[in-house]
Amino acid sequence: MKIFIDGKYFDREDACISVFDHGLLYGDGIFEGIRIYSGKVFKLAEHIERLYMSAKAILLNIPYTKAGIEEKVLESVRINKVKNGYIRLVVTRGKGDLGIDPAKCDRATVIIIVADISLYPSEYYKKGIKIITASTRRLPADGLDPRIKSINYLNNICAKIEATQAGCLEAVMLNQQGYVTECTGDNIFIIHKDVLLTPNPVTGALNGITRQTVLELAEGLNIETSSVFLTRFDLYNADECFLTGSGAEIIPVIMIDGRTIGTGIPGQVTRRLINKFKERVNQDVIKIR
Ligand code: PMP
């Protein structure tokens with residue numbers, strides 16, 4: 001495995017950054033999780049776009065152009081010869097002193113890790129998963145906008161701990177008003193009376209690339225879609241529910257807080273979307289040159 005750090009490639013054991021990097025000291029940085037399918041990178045331009053939007057929001061200067069960073073991602077995939085896998089692209093504020101001031105950090109640190117992906121076990125994609133609502137609320141956008149894909153996941157980690165303690169793989173997070181936002185590492189969708197509904201990102205959710213893909217696929221299937229405000233009542237009474245993410249893809253949910261969703265097995269619409277998604281991952285891709 002060869003890991004890119006600031007223009008050089010390192011073996012896994014030697015891939016280190018400074019203890020003075022503000023990514024480590026303060027969680028000051030951003031990232032993207034990107035998939036490689038059949039030797040091609042899925043939705044790379046969209047990921048790079050989102051990375052730059054996160055950077056702009058936190059006034060972080062990425063020391064590459066968009067085209068330059070795209071090229072480095074493709075180069076990393078090529079060097080690692082990974083055909084199906086996952087790319088973790090991280091940009092931290094870089095080395096500074098022990099104070100919080102980002103102005104003391106001269107240059108952002110860019111890291112690209114290309115790895116094999118560990119998805120949820122395949123049985124869950126057939127049977128669906130059980131999730132809970134976490135008592136940990138999603139951070140309000142006027143504190144830290146959840147649309148910034150920051151490397152500080154403590155808020156989500158606290159909710160993930162709740163999920164694990166309840167014997168679940170994921171947890172739904174609500175915002176301060178009690179509206180559903182997303183899960184700890186995935187967006188959430190429900191189907192209610194043949195309409196596909198998902199929380200509007202302004203409720204406090206990441207604008208997921210897989211979320212966008214699913215909305216497009218649904219339109220192609222003539223399924224009505226809407227980005228809305230949802231409560232737990234809506235989740236409990238949904239006909240179907242699923243989660244989306246670059247790592248998870250589309251995973252059906254069959255129980256939330258002990259309430260059976262629909263018939264308790266992954267529904268028709270979810271299955272159609274999973275099939276379409278499998279077709280789609282071989283389109284919208286950038287070939288490794
Ligand atoms: N929400 C959160 C909190 C995430 O971390 C992620 C990515 N793992 C997602 C949603 C899904 O986003 P995407 O489809 O772009 O991977």
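The chain is divided into domain 1 (2-115) and domain 2 (122-280). This is a predicted model. The centres of domain 1 and domain 2, taken over C-alpha atoms, are 26 Å apart.

**The domain interface**

Contact between the two domains involves 21 residues of domain 1 and 18 residues of domain 2. Together, domain 1 and domain 2 bury about 1,500 Å² between them. Carbon and sulfur atoms give 63% of that area. On the side of domain 1, three residues stand out: Phe31, Phe42 and Arg50 supply 36% of the area that domain 1 buries against domain 2, more than any other three residues. Charge pairs also cross the interface of domain 1 and domain 2, with 2 salt bridges found there.

**Salt bridges**

The count for the model comes to 14 salt bridges. Four of them are listed here, including the pair formed by Arg50.

| Side chains | N to O distance |
|---|---|
| Arg50 and Glu32 | 2.7 Å |
| Arg147 and Asp145 | 2.9 Å |
| Glu216 and Arg280 | 3.2 Å |
| Arg35 and Glu249 | 3.5 Å |

Take Arg50 and Glu32. Arg50 and Glu32 are both buried.

Arg147 counts as partly exposed, at 38% relative accessibility. Asp145 counts as buried because its 18% relative accessibility is under the 20% limit.

Arg280 is found in helix H8 (residues 268-280). Is Arg280 buried or exposed? Arg280 is buried, since its relative accessible area is 16% and buried means under 20%. Which residues does Arg280 contact, leaving aside its neighbours within four places in sequence? They are Phe42, Lys43, Thr213, Glu216 and Leu217.

One of these contacts, Glu216, is also a salt-bridge partner of Arg280. Glu216 lies in helix H6 (residues 209-220) and Arg280 in helix H8, so the pair ties together parts that are 64 residues apart in sequence. Glu216 is partly exposed, with a relative accessible area of 38%. Lys43 belongs to the picture too: salt bridges that share partners join Lys43, Glu216 and Arg280 into one network.

**Aromatic pairs**

The count of aromatic pairs comes to 7. The rings of Phe4 and Tyr9 have their centres 5.5 Å apart. Why is this pair edge-to-face? The planes of Phe4 and Tyr9 stand at 70°, and an angle over 60 degrees counts as edge-to-face. Phe4 is buried, at a relative accessible area of 0%. Tyr9 is partly exposed, at 25% relative accessibility.

Phe4 also pairs with Tyr64. That pair is tilted, with 6.3 Å centre to centre and 55° between the planes. Phe4 lies in strand E1 (residues 2-5), and Tyr64 lies in the loop between helix H2 (44-57) and helix H3 (66-80), so the pair ties together parts that are 60 residues apart in sequence. Phe4 and Tyr64 are both buried. Phe4, Tyr9 and Tyr64 form one aromatic cluster.

Another ring, that of Tyr236, has a charge over it. The charged end of Arg259 sits there, 4.1 Å from the centre of the Tyr236 ring.

How values were computed
Residues are numbered from 1 along each chain as its sequence is written. This is a predicted model: local features need pLDDT of at least 70, side-chain atom pairs count only at pLDDT 80 or more; totals for chains, interfaces and linings use all residues. Side-chain values use heavy atoms; hydrogens and water are left out. Rings of Phe, Tyr and Trp (its six-membered ring) pair if their centres lie within 6.5 Å; planes under 30 degrees apart count as stacked, over 60 as edge-to-face and the rest as tilted. Buried means under 20% relative accessible area, exposed over 50%, partly exposed in between (1.4 Å probe, protein chains only). Helices (H or I, at least four residues) and strands (E, at least two) are DSSP runs, numbered from the N terminus. A charge sits over a ring if NZ of Lys or CZ of Arg is within 6 Å of the ring centre and within 35 degrees of the ring normal. Domain bounds come from an automatic or database domain assignment. Contact means heavy atoms within 4.5 Å. Buried area is the accessible area (1.4 Å probe) that two parts lose on being put together, summed over both. A salt bridge is a side-chain nitrogen of Lys or Arg within 4 Å of a carboxyl oxygen of Asp or Glu.
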